[in-house]
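Me: Hi, I've just opened a new structure and would like to talk it through. Can you walk me around it?

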Amino acid sequence: PLTSSASHETAHCLLCQQAVTKKTEALTHLNATTFVAKNDPRIAFRGRVDTAIAQAVLVQVEWKSAAMPAVLQRMLADVRGALGNVLRAEALDEAMSPIVVGEFNEAQIHALSHNPLTHLGHDHIVPSIEHCLPVARLTLFRAVTREAEVAGALASIDRDFSVRRNDVLQALNRLSSAVYVLMLLCLIQEKAGETR
């Protein structure tokens, strides 16, 4: 589905370069023309991104039923959409589009997450039981996003520290920061009495 192609191409094994006529359970598509073993680091990375997308959707469903402020719901939708773009960029070897979450671009997300007291009026937080349920859910979502970033690094950085997909790694880093900003915004909303 990621390729948007109606045609079927013959896929080849990455290791032996032979056409694969019968796919075993140990193989999976790296792209439309290449099979790899299911333990390939790029497949593990894609699985981590899938998990992050699933976490985002779970939070979206909860927020919709909890009537979270629309601006926060839109920001969360932007994070979810950007994760889909990460998966597409990696699978199709396309350039990653810039990250925009709500009204914030990548540089603004970085600034907000690194100096929230100056920009948001709220200092850094360490997640705690005293925080609201939306923050707890976002904490888990952020952890999963960071795991996806690490899996991306394992798949993209070789032994000589050459980085194959710096754009994807930077995007995941900014998305992790964006989720942290959402955590802070939820706490600010809670203190203002606007979340449940």
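Reply: Happy to! Before we start, helices here are DSSP runs of H or I with at least four residues, strands are runs of E with at least two, and both are numbered from the N terminus. Also keep in mind that this is a predicted model.

Me: Good to know. In what order do the elements run from the N terminus on?

Reply: Starting at the N terminus, the order is β-β-β-α-α-β-β-α-α-α-α. That gives the protein six helices and five strands.

Me: How much of the protein counts as buried?

Reply: The protein has 196 residues, and 41% of them count as buried. Its accessible surface comes to about 10900 Å², with 55% of that belonging to carbon and sulfur atoms.

Me: And the contacts between residues at least 6 apart in sequence, what share of them join residues at least 24 apart?

Reply: That share is 61%.

Me: OK, on to helix packing. At what angle do H1 and H2 pack?

Reply: Helix H1, residues 41-66, packs against H2 at about 160 degrees, and the axes are 10 Å apart. Angles over 145 degrees count as roughly antiparallel, so H1 and H2 are roughly antiparallel to each other. Their crossing is left-handed. By class, the H1 contact with H2 has 15 nonpolar, three polar and six charged residues.

Me: How do the axes of H5 and H6 cross?

Reply: The axes of H5 and H6 cross at roughly 170 degrees and come within 9 Å. That makes H5 roughly antiparallel to H6. In this contact, 15 residues are nonpolar, six are polar and three are charged.

Me: What about H3 and H6, at what angle do their axes cross?

Reply: Helix H3 covers residues 106-114 and helix H6 covers 166-191; their axes cross at roughly 50 degrees and come within 9 Å. H3 and H6 are therefore oblique to each other. The crossing of H3 and H6 is left-handed.

Me: Which residues make that contact between H3 and H6?

Reply: From H3 you have Glu-106, Ile-109, His-110, Leu-112 and Ser-113. H6 brings in Gln-170, Arg-174, Ser-177, Ala-178, Tyr-180 and Val-181. Sorted by class, this contact of H3 with H6 has five nonpolar, four polar and two charged residues.

Me: Changing topic, I was looking at backbone angles. What is phi of Asp-93?

Reply: Phi of Asp-93 is near 55 degrees, which is a positive value in a residue other than glycine. You'll find Asp-93 in the loop between helix H2, residues 70-92, and strand E4, residues 100-101.

Me: Is Asp-93 buried or exposed?

Reply: Asp-93 counts as exposed, because its relative accessibility is 59% and the cut-off for exposed is over 50%.

Me: And Phe-161, where is that one found?

Reply: Phe-161 is in the loop between helix H5, residues 133-156, and H6. Phe-161 is not a glycine, yet its phi is positive, at about 65 degrees. With a relative accessibility of 69%, Phe-161 counts as exposed.

Me: Last one: where is Leu-92 placed?

Reply: Leu-92 sits in helix H2. Its relative accessibility is 26%, so Leu-92 counts as partly exposed.

Me: How far apart are Leu-92 and Leu-30, in sequence and in space?

Reply: In sequence, Leu-92 and Leu-30 are 62 residues apart, while in space the C-alpha to C-alpha distance is 9.1 Å.

Me: Thanks, that helps!

Note on methods
Residues numbered from 1 in each chain as written. Predicted model: local features only at pLDDT ≥ 70, side-chain atom pairs only at ≥ 80, totals over all residues. Heavy atoms only, no water. Axes fitted to C-alpha atoms, helices over the stretch in contact; angles between N-to-C directions. Parallel < 35°, antiparallel > 145°, perpendicular 65-115°, else oblique. Left-handed = near helix turned anticlockwise from the far one by under 90°. Contact = heavy atoms within 4.5 Å. Nonpolar A, V, L, I, M, F, W, Y, C, P; charged D, E, K, R; others polar. Buried < 20%, exposed > 50% of the residue type's maximum accessible area, 1.4 Å probe, protein only. Areas by Shrake-Rupley, 256 points an atom, 1.4 Å probe, with all protein chains shown as cover.
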